[in-house]
Amino acid sequence: MCASETPAGEFPPAAGPGHVVVVGAGIAGLAAAHRLLEGGARVTVLEASDRVGGKLLPGEIAGVRVDLGAESMLARRPEAVGLARAAGLADRLQPPSTATASLWTRGALRPMPKGHVMGVPGTAAALSGVLSEEGLARIERDAELPRTEVGDDVAVGEYVAARLGREVVDRLVEPLLGGVYAGDAYRISLRSAVPQLFEAARTHTSLTEAVRALQGRTATSPPSGPVFMGIEGGIGTLPPAVAESVRARGGEIITRAPVTELRRTASDGWRIVAGERELHADAVVVAVPAGPAAELLRAEAPAAAAELSAVEYASMALITLAYRRADAAALPEGSGFLVPPVDGHTIKASTFASRKWGWIADEDPDLVVLRASVGRYGDTEVLGRDDAGLVAVSRHDLAEATGLTAEPVATRVTRWRDGLPQYPVGHHARVARVREHVAKLPGLAVCGAAYDGVGIPASIASAYAAVDQLRGDLGGVEELTAHPVQSLHGGAGE
């Protein structure tokens with residue numbers, strides 16, 4: 001069947017782009033639809049699966065609502081919190097009840113160090129208790145080393161290890177970056193993943209000096225409010241709320257509608273084929289992961305498709321466990337812990353969800369909910385285990401780290417195949433090339449986690465920039481190209 005549509009045509013930027021089809025109903029696609037409707041466009045969102053939200057997934061365990069995907073969003077950026085408020089969730093926004101996390105390393109849970117930028121310290125003393133004496137002494141040598149040129153880009157692990165030693169990378173940088181990207185610090189781009197540090201490293205002789213300069217700027221104008229924010233009922237409730245707002249504004253969202261063809265028309269519009277549906281639009285926003293985006297763009301933008309095909313992803317799994325509170329009395333304080341891969345454990349993080357989010361504790365005071373995460377880039381062995389095996393290995397590591405040996409009353413395993421895009425050295429240049437090729441086709445834009453940052457605010461910022469591009473305003477795209485959105489780790493088990 002065919003959806004009704006208006007004829008394709010030219011629209012001045014001030015008037016909006018007419019009828020726009022958004023491919024993908026993850027948070028980026030929904031944010032794009034929301035912004036398009038604000039500008040007066042007619043919007044159709046096509047989603048291949050049977051639900052909206054992508055990697056943001058609400059669920060429950062033992063009768064308590066929980067997140068089965070991302071659990072928090074960076075509040076120091078305006079996009080995610082602003083969209084939540086626009087979708088009617090202002091009164092449900094909640095900061096974490098505690099942000100005191102630990103690091104499970106060298107055989108013990110140790111307080112998460114302060115005074116660092118994504119694990120990179122301003123002084124050796126900042127990592128006292130986490131690093132060995134040799135590791136701390138190696139940091140001190142940074143001030144004596146000649147300047148290291150970072151060029152157009154460099155791997156975080158490679159650069160930090162050269163300046164401060166591998167122990168800093170292996171014990172702190174790796175688990176923090178792993179929590180954000182499920183990646184390998186020795187491959188991840190400094191420019192894309194830690195852009196503030198990249199810029200500081202270009203203008204300072206030593207790395208610790210660059211970190212102290214960043215910390216000094218923050219100290220002179222400290223940000224107000226919490227760093228992270230959650231939503232009562234879970235971050236997974238954000239996409240349905242935005243979808244409801246989109247529909248209330250006149251937008252159409254069609255699920256179970258995988259797009260199989262995207263072609264230009266003679267009238268400079270677009271023809272979109274989704275199952276038995278054929279739609280015609282003035283513009284298209286492609287808001288799906290890099291692989292599916294490459295398939296859609298192959299016919300009309302083969303060079304962009306080739307670049308997107310090269311973007312790699314990491315898979316992971318979240319194991320959610322519920323315990324009787326009496327059985328979990330010995331659980332340490334805090335929001336959870338991170339795990340350096342160098343220590344040889346299977347889980348990479350655990351969140352004490354009932355401690356971190358007050359609304360979880362309030363829903364059932366007699367229950368304690370924990371989350372553990374497994375899976376990193378290139379590590380496929382652990383994800384090949386069945387659900388019972390993942391629960392067993394998570395319980396084993398939790399027992400070793402915390403002493404919790406009780407039998408859980410309920411467990412859930414959520415697998416995220418190709419869940420997190422990888423940002424290797426040169427990622428920013430690849431994204432710039434993709435956008436350069438896409439820009440040659442009027443009425444086409446791309447957005448999502450594969451471009452300017454993997455966090456929720458970054459995905460929304462990418463969506464807004466894509467919509468502005470369709471209107472002829474390249475300011476958002478240029479800003480993201482110059483300054484990608486740094487994604488931080490929300491304590492433990494993000």
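Modeller: Let's start with Thr-260, which sits in strand 13, residues 259–264 (helices are DSSP runs of H or I with at least four residues, strands are E runs of at least two, both numbered from the N terminus). Keep in mind that this is a predicted model, where local features need pLDDT of at least 70, side-chain atom pairs count only at pLDDT 80 or more, and totals for chains, interfaces and linings use all residues. Residues are numbered from 1 along each chain as its sequence is written, and side-chain values use heavy atoms, with hydrogens and water left out.

Thr-260 is exposed, at 60% relative accessible area (buried is under 20%, exposed over 50%, partly exposed in between, with a 1.4 Å probe and protein chains only). Leaving aside residues up to four places away in sequence, Thr-260 touches Val-273 and Leu-296, a contact being heavy atoms within 4.5 Å. Glu-295 is 35 residues from Thr-260 in sequence, yet their C-alpha atoms are 8.3 Å apart.

The closest N and O atoms of Arg-271 and Glu-261 are 2.7 Å apart (a salt bridge needs a side-chain nitrogen of Lys or Arg within 4 Å of a carboxyl oxygen of Asp or Glu). Arg-271 is partly exposed at 23%, and so are Glu-261 at 27% and Glu-278 at 28%.

Zooming out, the whole structure has 27 salt bridges. One of them joins Glu-312 and Arg-187 at 3.1 Å, N to O. Arg-35, Asp-468 and Arg-471 are linked in a network of salt bridges.

As for the packing, the largest nonpolar core has 45 residues, and Met-73 and Val-285 touch the most other members (such a core is a set of buried Ala, Val, Leu, Ile, Met, Phe, Trp, Tyr and Cys residues joined through side-chain atoms within 4.5 Å). Helix 1 gives the largest share of this core, eight residues. Apart from this core lies another, of 44 residues, including Leu-103 and Tyr-159.
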